[in-house]
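Let's work through some exercises on a protein structure together. Keep the picture open and try each task before you read its solution.

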Amino acid sequence: MAAALLADLTPLRHSRPYRRMWLGTFLSSIGSQLTTVAVGLQVFDLTGSTFKVGLVGLAALVPLIAFGLYGGSIVDAHDRRRVIITSSSGLFSVALCFALQAWAGLDNVWLLYALVAVQSGFWAVNSPARMAILPRLLPSEMLPAANALSSLANSVGMTVGPLLAGFWVHWFGFGGTYFSEVLLLGVALTTLVALPSMPPLGEVRRSGLASVLEGLNYLRTRPNVRMTFIVDLIAMIFAMPRVLFPALGAVVIGGGAQTAGILAAGIACGAVLAGVFSGPVSRVRRQGLAVLAAIIGWGSSIVLFGVVVGFASPAPDAGAHWLLWPAFGALVLAGMADSVSAVFRSTILQTATPDHMRGRLQGVFVVVVAGGPRLGDLVVGSMADLTTESVAAIVGGLACIVLVVLLGVSQPRFARYDARHPEP
């Protein structure tokens, strides 16, 4: 019985290329989280403003949208192996630039924003390529388990990365922390060489605006796939608390970069737990209902997080340090719920979308998954500047719960989605 709860490793045994790509995903995730946390800490160190940290998300948003949508059309029009290797090489180059600016002591916030924007553009092409490759490497019945394993790799990376970033910034400075990503991405690049060639199937449309519009029009007529995007946007825009972490570490809970890193790792720790005990995901039929329940769980956990943090408001004191671990526990619960949602949203998209559309729809998926938190950084960061970190988390979590419940009631077809008969 206990073994049935553990992650299903069948996809790793079934496909060597998937196994190697999974390892690369794991290493890349650690590296990207190192940089994400380090950039936020560096911007806060230079400006002392949570709002300016939130602008990091805005800097990434425009290229994320543009290249996420266009990158999906590139994936559908070209060999997916070539796309993923080229975009991964670009990410490696940007990581090196982050390290160089820190070592040079430039201390320029606008340069950091620019590097984040370029990094976001490459990532927006890389991610849909990775996701669109999976159905070409594995049979459809293995996709829920494969998505759970991929989520586990990302989640472990998101746990290790922020923890390392928090302590490594303290020990080695920003330059050493950024260079860690350079090393990890260099190794991750080598794991992609073994991928087989994956030219487009069927009729090939040239990448470009017409191809992007065709994908968006397809999405407009597919309500179940569209719902996976809408509910995730609600969760990330209103209830993503990561922009609060630097201020919580600096002036509310205390502990500085280490506290920020621990809090950032909390969501990922929850996702790791969900991934380790993801064995039952392949047996869930009502995947749409599972998504709705998981996002309501996410919102509830963020409300709990805000309540805990509220005990330290409005002024910090020496006794506020004890709040770190209750806050961390609330974020672990949030991470578990988010991981469940991500697994089933990915599976619905992959199984209900034809191969010649997967790249473009995965591009939209990337825009939503990564763009939502970036918008959330701006929304939650602005709310925290106007009120407090606690109020921003509580109001955002409640807004998430109410909006998802209303959507679930108004779109009952999504709640009835049956994995045995996938309907887009």
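Predicted model: local features only at pLDDT ≥ 70, side-chain atom pairs only at ≥ 80, totals over all residues.

Residues are numbered from 1 along each chain as its sequence is written, and side-chain values use heavy atoms, with hydrogens and water left out.

**Exercise 1. Work out how the rings of Trp22 and Phe26 are arranged.**

Step 1: Rings of Phe, Tyr and Trp (its six-membered ring) pair if their centres lie within 6.5 Å; planes under 30 degrees apart are stacked, over 60 edge-to-face, and the rest tilted.

Step 2: By this rule there are 9 aromatic pairs. In the pair Trp22 and Phe26, the centres are 6.3 Å apart and the planes lie at 15 degrees, so the pair is stacked.

Step 3: Find both residues in helix H3 (residues 16-47), where they sit 4 residues apart, about one turn of the helix. Helices here are DSSP runs (H or I, at least four residues), numbered from the N terminus.

**Exercise 2. Which residue forms a salt bridge with Asp377, and is Asp377 buried or exposed?**

Step 1: A salt bridge needs a side-chain nitrogen of Lys or Arg within 4 Å of a carboxyl oxygen of Asp or Glu. The count comes to 2 salt bridges.

Step 2: Arg242 is the partner of Asp377, with the closest N and O atoms 3.1 Å apart. This pair links distant parts of the chain, 135 residues apart: Arg242 is in the loop between H9 and helix H10 (245-252), and Asp377 is in helix H14 (residues 355-386).

Step 3: Buried means under 20% relative accessible area, exposed over 50%, and partly exposed in between (1.4 Å probe, protein chains only). Asp377, at 6%, is buried, whereas Arg242, at 27%, is partly exposed.

**Exercise 3. How do the axes of H9 and H12 run relative to each other?**

Step 1: Axes are lines fitted to C-alpha atoms, for helices over the stretch in contact, with angles from 0 to 180 degrees between N-to-C directions.

Step 2: The axes of H9 and helix H12 (residues 287-310) come within 10 Å and cross at roughly 0 degrees.

Step 3: Contact means heavy atoms within 4.5 Å. Residues making this contact include Met227 and Val231 of H9 and Trp298 of H12.

How values were computed:
Helix = DSSP H or I, 4+ residues; strand = E, 2+ residues; numbered from the N terminus.
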